[in-house]
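Keep the structure open as you read.

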Amino acid sequence: MPRKRRKKRKTQPKTVLASAEAETDKAPKSFVIRRGKVGNKVISLVHDVREVMMPNTASALKEGKKNKLKDFLNVAPTLNVTHMMVFSKSTLALNMRLYRVPRGPTLTFRVLRYSLKQDVASIQKKPHVPTERELLEAPLLVLNNFSDPSPENKILASMLQTMFPQIDVDNMRLKKCRRVLLMNKSLTDGTIEMRHYLIKAAPTGISRSIKKIVRAKIPNLGRLRDISEFIEKDGLVSDSEAEDNEENKVKLPQDFSGRGNQRSNKSAIRLKEIGPRLSLQLLKIEEGISSGATLYHAFQKRTPQEAAELKEKKRREAELRKLRRIKQERNVEKKRKEKEALARQSRIQAGLVEEVQQKSMDAEEEEEEEEGQDKDDSARRKKKKDAKNDAVSKAKKKKKKKKKETERNDDNDGGESGGDDDFKGFESESASDGEWYRREVGEEPPEELFEKGSGRRSRPQKKRKRVSSSSTAPSASNKKNRKAGRGGYSPSATGRRQGKPDGAGRGRRNGG
């Protein structure tokens with residue numbers, strides 16, 4: 001039988017998660033980007049500086065050739081970004097600008113020297129590569145020799161402090177303190193050295209062999225009879241512990257990362273440099289985002305009177321720009337209104353033209369409709385007239401045909417029988433012709449074609465053939481008998497009855 005899956009439950013209460021999210025939202029965030037053509041080394045330096053600012057920076061940010069600084073400044077407030085570090089290269093040296101988004105100030109540094117993370121690891125005997133867990137918390141910021149009361153020094157110190165989350169000493173957990181960022185200012189030339197370290201702790205007062213056992217490293221005891229020989233052979237302390245001073249050794253108030261670093265135990269705190277290194281020189285401090293007055297310059301010094309004059313000049317220039325902007329907005333609004341008025345007038349004119357065109361088109365359509373109706377009426381009348389003429393011609397042809405058939409029948413029958421029946425048939429056929437005419441034409445037939453009513457027509461007189469007075473001419477009955485082969489009048493037959501040869505009688509007829 002399959003085992004039931006264990007239901008996943010949240011081990012942390014909602015209050016803890018909510019407080020962690022609130023702390024993350026309050027933490028300052030940053031962009032580290034490059035501008036212009038800088039080279040592969042500077043690109044690697046940008047990635048190393050992003051690792052220093054982790055986790056409150058955009059580690060996978062990509063800068064395109066078409067992206068401008070204004071694009072990053074516009075999107076920064078949406079992502080709660082408070083600082084921007086921009087690396088650019090000039091003809092003299094590599095520069096770094098530090099912006100406080102969105103209102104400034106702007107600090108400009110010259111990068112005198114720098115070393116990448118891989119360069120720092122290459123000079124170490126046992127280099128350490130930071131893991132993702134060690135980069136989950138922001139580094140601790142340590143400022144050294146920033147106690148000068150000058151205005152530029154105060155601005156610089158406050159700018160660096162606001163780049164990282166504030167430290168709450170009462171509620172801090174030692175396990176979250178994994179890295180430290182050191183900013184050391186030289187008292188002679190004012191250069192700033194930046195170093196990035198990893199914090200490590202090792203238990204003190206134990207030998208190297210015991211440290212191996214504590215760190216879960218199984219020693220080789222094949223040549224020893226007892227484990228006590230392994231513990232006692234190396235002495236009381238390790239070789240590296242001789243380098244630790246009493247200042248390094250502290251009593252841990254909480255558990256720290258690493259084996260043997262238990263609460264209330266004494267451990268030695270050590271720093272492992274992981275890079276990168278930067279040597280910076282402050283050049284200039286400006287108000288706003290590289291657009292305000294210059295508050296400090298490393299190479300140009302001004303008296304208070306000159307500074308006041310420059311400030312007044314900047315104020316006048318700002319007012320002049322404001323007035324020009326207002327005037328430009330008024331001109332734009334005036335042009336917009338004029339354009340709208342012209343468009344409205346053109347629409348009115350276009351509407352009048354369209355109305356006239358529409359009226360003319362309507363009149364043309366009405367004329368076309370009237371012409372079409374007239375054409376339809378004339379075509380309908382013509383069609384009706386043609387149908388009537390066709391019906392009349394068909395009726396006349398039919399009448400002539402029937403008349404010929406009647407005469408032919410009378411000639412065949414000899415006028416002896418069928419007179420009344422033929423007349424009745426003729427009358428019924430004439431009536432059916434009248435109905436056909438009414439159905440096809442839709443009008444009453446004219447009187448010359450068919451008679452109205454059911455009265456009998458006068459019997460048509462039969463055409464009689466004229467009979468010759470000669471007694472030798474054959475009659476109609478003789479013609480029938482001759483057709484039937486029963487005899488009758490025949491010159492040859494008469495001659496044969498009279499005993500005359502065929503040739504004599506034929507010759508007398510031919511001779512006259």
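Pro276 sits in the loop between β9 (266-273) and β10. Helices (H or I, at least four residues) and strands (E, at least two) are DSSP runs, numbered from the N terminus. The peptide bond that joins Gly275 and Pro276 is cis, with omega about 5°. This is a predicted model: local features need pLDDT of at least 70, side-chain atom pairs count only at pLDDT 80 or more, and totals for chains, interfaces and linings use all residues. Residues are numbered from 1 along each chain as its sequence is written, and side-chain values use heavy atoms, with hydrogens and water left out.

Another cis bond runs from Gly104 to Pro105, with omega near 10°. Pro105 belongs to the loop between β3 and β4. Most residues other than glycine have a negative phi, and most peptide bonds are trans.

Now look at phi. Asn80 is not a glycine, yet its phi is positive, about 60°. Asn80 is placed in the loop between α3 (69-75) and β2. Its relative accessible area is 44%, so Asn80 is partly exposed. The classes are buried, under 20% relative accessible area; exposed, over 50%; and partly exposed, in between (1.4 Å probe, protein chains only). Asn145 also has a positive phi, near 65°. The loop between β5 (140-144) and α5 holds Asn145. Asn145 is partly exposed as well, at 30% relative accessibility.

Step back to the whole chain. The protein has 12 helices and 11 strands. Of its 512 residues, 24% are buried. Contact means heavy atoms within 4.5 Å. Among contacts with a separation of 6 or more, 65% link residues 24 or more positions apart.

What lies inside? A nonpolar core is a set of buried Ala, Val, Leu, Ile, Met, Phe, Trp, Tyr and Cys residues joined through side-chain atoms within 4.5 Å. The largest has 33 residues. Those with the most contacts inside it are Val49, Phe87, Leu98, Leu107, Phe109 and Leu156. Elements that give two or more residues include α2 (40-52), β2 (81-89), β4 (106-115) and α5 (151-161). α2 gives the most, with 5 residues. Leaving aside neighbours within four places in sequence, Val49 is in contact with Val32, Met85, Phe87, Pro276 and Leu278. Apart from this core lies another, of 10 residues, among them Phe72, Val81, Val86 and Val101.

How many cavities of 30 Å³ or more does the structure hold? There are 3. On a 1 Å grid over the protein atoms alone, a cavity is a set of points where a 1.4 Å probe fits but cannot get out; lining residues have an atom within 4 Å of a point. Grid points are joined across faces, edges and corners, and a volume is the space filled by probe spheres set on the points.

The largest cavity has a volume of about 120 Å³. It is lined by 14 residues; the closest to its centre are Met85, Met96, Leu160, Met183 and Met194. The lining divides into 14 nonpolar, no polar and no charged residues. Here Ala, Val, Leu, Ile, Met, Phe, Trp, Tyr, Cys and Pro count as nonpolar, Asp, Glu, Lys and Arg as charged, and the others, Gly among them, as polar.

The second largest cavity has about 50 Å³. Its lining includes Pro28, Ser30, Asn56 and Phe164, and divides into 8 nonpolar, 2 polar and no charged residues.

Note on methods: 1 Å grid on protein atoms, 1.4 Å probe; cavity = no way out; pocket = protein on both sides within 12 Å on 5 of 7 lines; lining within 4 Å.
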